[in-house]
Each structure stands twice: as C-alpha cells, then as structure tokens.
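Open the model in your viewer and keep the sequence panel beside it. The tour begins at the ligand and then moves out to the sheet.

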Amino acid sequence: MNQSVFIACENVVKIYRVADLEVVALQGLDLRVRAGEMLALVGPSGSGKSTLMNILGGLDVPTAGRVRVGEYNLLDMTRRDQVRYRRHMVGFVWQQTARNLLPYLTALENVELPMALAGFPIRERSERAAHLLDRVGLADRMKHRPDRLSGGEQQRVAIAVGMANRPALLLADEPTGEVDSHSAEQIFQALRALNEEFGVTVIIVTHDMAVSTRVDRVVGLRDGRTSTEILRRRDGDRAISEEEYAILDRAGRLQLPEAYIDTLAMEDRVLLRLDEDHVQVWPEHTAREDGDYDETN
Ligand code: ADP
C-alpha cells in the first residue's frame, strides 16, 4: 500500500443491533487520508459521522471491512494494542466542553494530565503543555480553571489536551458546535497551527457552513458512505480553486449529488457515454428524445 496513505478505510460496514433491529450506520465506506491532511467530515444527522469517528478513535470496532491507521489494523487489535493506540496514536476533542476538561484543574494541569498518565517526566510535561497552550493562543490563560474561560477558550484548551501525547491523529467531533462564529474561527486557527507545526492529521466533524474555507478537503457522508468531496488547491495562503468531486469506489460505483438527480429528473437508469477524456451521464428520457438512446439495447 502507498506509504503516504495514513488512514485507509475500505468497504467499512458498521451494524448496530438494538433488540431485534439492525441499524446499518456505515455501509461500505471508503476513505483514504494522507499523513498531515486537515479535513472536515460533513453530512446530515444519521449519516454515520460519529460512528466513523468512534472507529478511527479505537472506541468502536467495525462489523466488516478494513481500517488501517498507520501501522494499526483496527479490526484486529489485542487489548494491549487498543490501549496503546488510544493513548499514543489519537487525540480527541468532543463537542461537549465538559467532556474534555476536568473542572478543578487549571488549563495547564489539564494539558499535563494525559502526559502524567502516560509517564512523561514532569519537566517535559509542563514545557510541552505551556507550548501547546501558547500555540492555541492561550498563553495568558494557563492558570485559569475552565469555569473562568469562555466556551471557545475551553475548546482550545481541549485541543491542547488532545495533542498532549503527541498523537499522529487528532479527531474533533463538532468542536465549534456550541460557540459563536468568532470563537469558531479561533478554534480552526488553533487546529491549523498544530497541524502545520506537528504534521498531525486532523479530522473535524462539523456543521459549520464556512468549513470549506478553513480546511483543504471536505468529505461529505451520506447514508453511511462517502459521497462527495470538496478540494481546495492552495497557492501559499491563497486558495486558488475549489471543486466538488464525487467518490468512485473500488467497485466503480459513483453517487451523484441529490441536487443533480432532482434537477435532471434522473431515476432508475442513466445512459453513460465515454468520451476521450470524460464520461457523460444522461437521464434516460433526455437521451431517448435526443435519439442518443437505442431502445433495442
Ligand atoms: P451522525 O454522526 O452522522 O449523526 P451516527 O454515526 O451517529 O451519525 O449514526 C448513524 C446511524 O447509526 C444512525 O441511524 C444512528 O441512529 C445509528 N446509531 C449510531 N450509534 C448507535 C448505537 N450506539 N446504537 C444503535 N444505533 C446507533
């Protein structure tokens, strides 16, 4: 496999069993992420975003498929691997600020805590904690307890906590869900700063409409699969283009955006035609009217 692929999800299926019912949360999801990418996951409620984050975080195991993160095969981990993976490979930032921070510790102590649990020497802990808090723009808030910080500041402390044990992957589930737009901007800046300094791969679940201007890649989920992607090509700090892509899976399947299907009233069958450098997709009724469609076929 290509070494630059850091996360490889192939045909991932996750089925939850609730009493006699089966809920298919992921149905054949494919996703590849290169080391050091910063990407956002978007999609309607129920599309499988949290399920995917929990799997990537090692908190849940897929029902079928393949998931590799770095050297770890997430479908085949011993308990020891799991502990090592969660402690050293991933950092988490949750939407609910209360879940990220201990209320009776200062910002600095909150960031030091995971390092203490992982056995880092005391000096290294406080130096790194101070450095991380500085990088997320909180150099002057280190001695404050969470209740003296705004919601946005608490989330930036949480980001520093998530980075404490030098994870290769930082997962943030709706980190801006409970803050105003100015704070959201600062949270994205903090994530970007850490992504650039440490090369940590960052995945953010978000409903933030402005997200595509804040990350390089936006992956859309629909019905438990990746459906579209928006990619921005950068020229230094200047974004030079933004384009929406559909995902072609390994079986050659492709999901058209719902808006396209509605606009052209496509259903059931479409006509494909291969041109020299692209493929045309025609609604059956238009193709037939244009005489492009041979009904004997
Ligand atoms: P999203 O984060 O995009 O809102 P989820 O991953 O939370 O989507 O959910 C995907 C689907 O899986 C939904 O239909 C949801 O009801 C179901 N689901 C998620 N977690 C569980 C669970 N622990 N038990 C049963 N069903 C679940």
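Select the ligand and the residues around it (a heavy atom within 4 Å): Tyr 16, Val 18, Val 23, Ala 25, Pro 44, Ser 45, Gly 46, Ser 47, Gly 48, Lys 49, Ser 50 and Thr 51. This is a predicted model, in which local features need pLDDT of at least 70, side-chain atom pairs count only at pLDDT 80 or more, and totals for chains, interfaces and linings use all residues. Residues are numbered from 1 along each chain as its sequence is written, and side-chain values use heavy atoms, with hydrogens and water left out.

Next, show polar contacts (N or O pairs within 3.5 Å). For Ser 50, a polar side-chain atom is 2.7 Å from an oxygen atom of the ligand. The protein buries 62% of the 560 Å² that the ligand exposes when taken alone (Shrake-Rupley, 1.4 Å probe).

Colour by secondary structure (DSSP runs: helices, H or I, at least four residues; strands, E, at least two). Helix 1 gives the largest share of the ligand shell, 3 residues.

Finally, select Cys 9; its bridge partner in strand 2 is Leu 31.

Key: Pairing = 2+ DSSP bridges. Polar contact = N/O pair within 3.5 Å; in protein donor to acceptor, adjacent residues only side chain to side chain.
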